Amino acid sequence: MELIFATGNKHKCEEARTILGPSVSIIMPSALGFSGEIPETGTTLKENALQKAAFIWDKFRIPCFADDTGLEVDALNGAPGVYSARYAGESCSPLENVRKLLLRLQNTSARTARFRCVIALITDRQPEFFEGVVEGKIIREPKGTGGFGYDPVFVPDGYDKTFAELTATEKNLISHRKRALEKMALLFK
Ligand code: IMP
């Protein structure tokens, strides 16, 4: 079975290939000659995931899926959430996002948070959605060099290391994306 992953992120694609296994062939839009931006203007993770998947489906009419992820911090009423990528402003760096987050949380000991990932899958039927969540807390200083985004300040429950201190294999065992992909994988088994 062939599935397009509507993303430009090779790292995410590799993760999906490992989790979905050899019976599903994951193709990136770039492999089909698409090199533009995939629009992402929704106000929820679900809307964004569907928008990205529908955009690529409309172009190629090949079954495809897209994911959207947000970091939800309880003390910030769920922010940055769907705006995680541009929390510190349009085209800001991941480091600027992390700095803004730590500043907003500097006077509180309430540090609980979660990564939530929503996947939208479009085949020739109604779109289907799969969600994966990992609970944890935000520490006060970034630690570790692995991963990306908010990984250096997120410690998953049951661990005393940030996602950026865990190996990729360790992170991918428990990550939000892994949990959502696994649910989608059940559909193909
Ligand atoms: P997207 O789903 O790739 O659009 O993710 C939105 C933003 O969430 C990214 O820019 C990252 O800042 C953050 N993010 C997504 N997944 C992860 C992760 O696994 N670790 C840390 N940050 C993440």
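**Group meeting: the ligand and its pocket**

Strand 3 gives the largest share of the lining of the largest pocket, five residues.

A word on the source. This is a predicted model, where local features need pLDDT of at least 70 and side-chain atom pairs pLDDT 80 or more, while totals for chains, interfaces and linings use all residues. Residues count from 1 along each chain as its sequence is written, and side-chain values use heavy atoms, without hydrogens or water.

Now the pocket. It holds about 1,100 Å³ of space. Of its 36 lining residues, Lys12, Glu40, Lys52, Asp68 and Ala85 are closest to the centre. A pocket is an open set of points on a 1 Å grid over the protein atoms alone, where a 1.4 Å probe fits, with protein on both sides within 12 Å along at least five of seven lines; lining residues have an atom within 4 Å of a point. Strand 3, helix 3 (94–104) and helix 5 each supply at least two residues of that lining. By class, the lining has 12 nonpolar, 13 polar and 11 charged residues. Gly counts as polar; Asp, Glu, Lys and Arg count as charged.

Where does the ligand sit? In the largest pocket. That means more than half of its atoms lie within 2 Å of the pocket's grid points. Around the ligand are 14 residues, and Lys12, Thr69, Asp151, Lys171 and Arg177 come nearest. The cut-off for being near is a heavy atom within 4 Å. This shell has four nonpolar, four polar and six charged residues. Strand 3 (64–73) and helix 5 (176–188) each supply at least two of the shell residues.

Next, polar contacts, pairs of N or O atoms within 3.5 Å. The side chain of Lys171 has an N or O atom 2.8 Å from a ligand oxygen. For His176, a polar side-chain atom lies 3.1 Å from a ligand oxygen. For Glu40, the side-chain distance is 3.4 Å, again to an oxygen of the ligand. Alone, the ligand exposes 480 Å², and the protein buries 88% of that. Those areas are Shrake-Rupley, with a 1.4 Å probe.

Last, the backbone. Most residues other than glycine have a negative phi, and most peptide bonds are trans. Arg61 has a positive phi, near 55 degrees. Arg61 is in the loop between helix 2 (45–60) and strand 3. The Ala79 to Pro80 peptide bond is cis, with omega near -5 degrees. Pro80 belongs to strand 4 (residues 80–81).

Methods:
Polar contact = N/O pair within 3.5 Å; in protein donor to acceptor, adjacent residues only side chain to side chain. Helix = DSSP H or I, 4+ residues; strand = E, 2+ residues; numbered from the N terminus. Points joined across faces, edges and corners; volume = space filled by probe spheres on them.
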